[in-house]
Amino acid sequence: MKRIVAVNAGPRKKWNTAQMIASACEGAKEAGAEIEYFNLFDLDKFTGCISCFGCKLEKNLGHCVCKDGLTQVLEAIRTSDGLIIGTPNYLSEGTASFRALFERLVFQYITYKSEIDSYNTRPIPVVFIMTSNAPDEAYEPDGYYHALIKKYEEMFSSFVGPTTVITVGATKQVNDYSPYNWTRFDPETRIARYEKVFPERLELARKAGAAMVEN
C-alpha cells in the first residue's frame, strides 16, 4: 500500500486550506493509499534552514541534520510515496511555517555540484495547494501571484518530484462578516461565489490526490 504524507501549513485545522488537503487525502485513500497527516502548527518548536551545511557532508548527503519539530516530517516525506502540502497565502507568500519546511525539505537536496543538481534519488509526486483571499485571476499567467506559484512548482518539481498545483482564490475568511468593516469586497457576493466555486476546487483536489496514487 502506498503511503502519502499530507501537511497543513496553515494555522486553521478545519478551514479552506485544511479542507482542500482533506479532499486530496480522500482521493488518495479512495485510490488505495494510507495517509500520514501533519499540522505544522501542532509540532514542537522548529525553524527554517539554519545554514549549518550538515546536509552537504559526505555522511549526511541529502539529509537535514537539524533536530527539532520538523525532523519527523522530513523523514516521513523522505520515505513516502507522495506529498500533499497546502498553505494559505500570507502577505504574498506561504505561511512562515510552510517556508520553514520548504527550506529544510529542498535545501537538503541541493548539491552545489556541476555533476548533479539533486541528492534526491527517489522523486515522489507532489500536490501543492495555495488558498487566498486574493482573486483567482491573481494566479493566472498575467496575475501578480503567478510568479510565486511557478517558483514553488519549479522548486518542488526539481527537488521533490513532479508537482500539481491547485490554487483557490476569493476564499471565505470567516462565517460572519458583520463584526468587520471590510469594504474592499461585498461579503454576500463573496459567500455566494465561495459556495459555488469551492466545492469545484475540493473535487479538483480529490482527483489530484487519487491521480498521484494511481499514476
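## Strand S4

Buried here means under 20% relative accessible area, exposed means over 50%, and partly exposed lies in between, with a 1.4 Å probe and protein chains only. Strands (E, at least two residues) and helices (H or I, at least four) are DSSP runs, numbered from the N terminus. Val126, Phe128 and Met130 point one way from S4, while Val127, Ile129 and Thr131 point the other way, and all are buried.

This is a predicted model, in which local features need pLDDT of at least 70, side-chain atom pairs count only at pLDDT 80 or more, and totals for chains, interfaces and linings use all residues. Residues are numbered from 1 along each chain as its sequence is written, and side-chain values use heavy atoms, with hydrogens and water left out.

## The sheet

S4 belongs to an open sheet of 5 strands with parallel pairing, in the order S2-S1-S3-S4-S5. Strands S2 (34-39) and S5 (163-168) stand at the edges with a single partner strand each, so one side of each has no neighbour in the sheet. On average, neighbouring strands of this sheet are turned by 15° against each other, direction ignored. Axes are lines fitted to C-alpha atoms, for helices over the stretch in contact, and angles run from 0 to 180 degrees between N-to-C directions.

Two strands count as paired if DSSP finds at least two bridges between them. S3 and S4 run parallel and are joined by 6 bridges, with Pro88 opposite Thr131 in S4. Strand S4 (residues 126-131) is also joined to S5 by 6 bridges, and these two run parallel. Phe128 stands opposite Val165 in S5.

## Helices on the sheet

Helix H3 (residues 96-107) packs on the sheet, where it touches strand S1 (3-8), strand S3 (82-88) and S4. The direction of H3 makes about 145° with that of S3. Contact means heavy atoms within 4.5 Å. Helix H5 (residues 187-214) lies across S1, S3, S4 and S5, and runs at about 170° to S5.

The 14 residues of H4 should span 20 Å at 1.5 Å a residue, and the end C-alpha atoms of H4 are 20 Å apart, which agrees. The expected span is 1.5 Å times one less than the number of residues in the helix. Leu148, Ile149, Tyr152, Phe156 and Phe159 are buried in H4. These residues cover an arc of only 130° around the axis, which puts them on the same side of H4; the arc is that of the directions from the helix axis to the C-beta atoms. The buried residues of H4 pack against S3, H3, S4 and S5.

## Arg3 and Glu36

Arg3 is found in strand S1 and is buried, with a relative accessible area of 16%. The side chain of Arg3 makes a polar contact with the side chain of Glu36 (2.7 Å). A polar contact is a pair of N or O atoms within 3.5 Å; within protein, one must be able to donate a hydrogen and the other to accept it, and residues adjacent in sequence count only if both atoms are side-chain atoms. Not counting residues up to four places away in sequence, Arg3 touches Glu34, Glu36, Ala76, Thr79, Ser80, Asp81 and Gly82.

## Buried loop residues

Leu40 lies in the loop between S2 and helix H2 (71-78) and counts as buried at 1% relative accessibility. Beyond four places in sequence, the residues touched by Leu40 are Val7, Asn8, Ala9, Phe46, Leu70, Ser97, Phe98 and Leu101. Met20 is 20 residues from Leu40 along the chain, and their C-alpha atoms are separated by 16 Å.

Asp136 lies in the loop between S4 and helix H4 (146-159). With a relative accessible area of 12%, Asp136 is buried. Leaving aside neighbours within four places in sequence, Asp136 is in contact with Thr167, Val168, Gly169, Arg193 and Arg201.

## Positive phi angles

Most residues other than glycine have a negative phi. Phe53, in the loop between S2 and H2, has a positive phi of about 65° although it is not a glycine. Phe53 is partly exposed, with a relative accessible area of 37%.

Ser92 is found in the loop between S3 and H3. Although not a glycine, Ser92 has a positive phi of about 70°. The relative accessible area of Ser92 is 39%, which is partly exposed.
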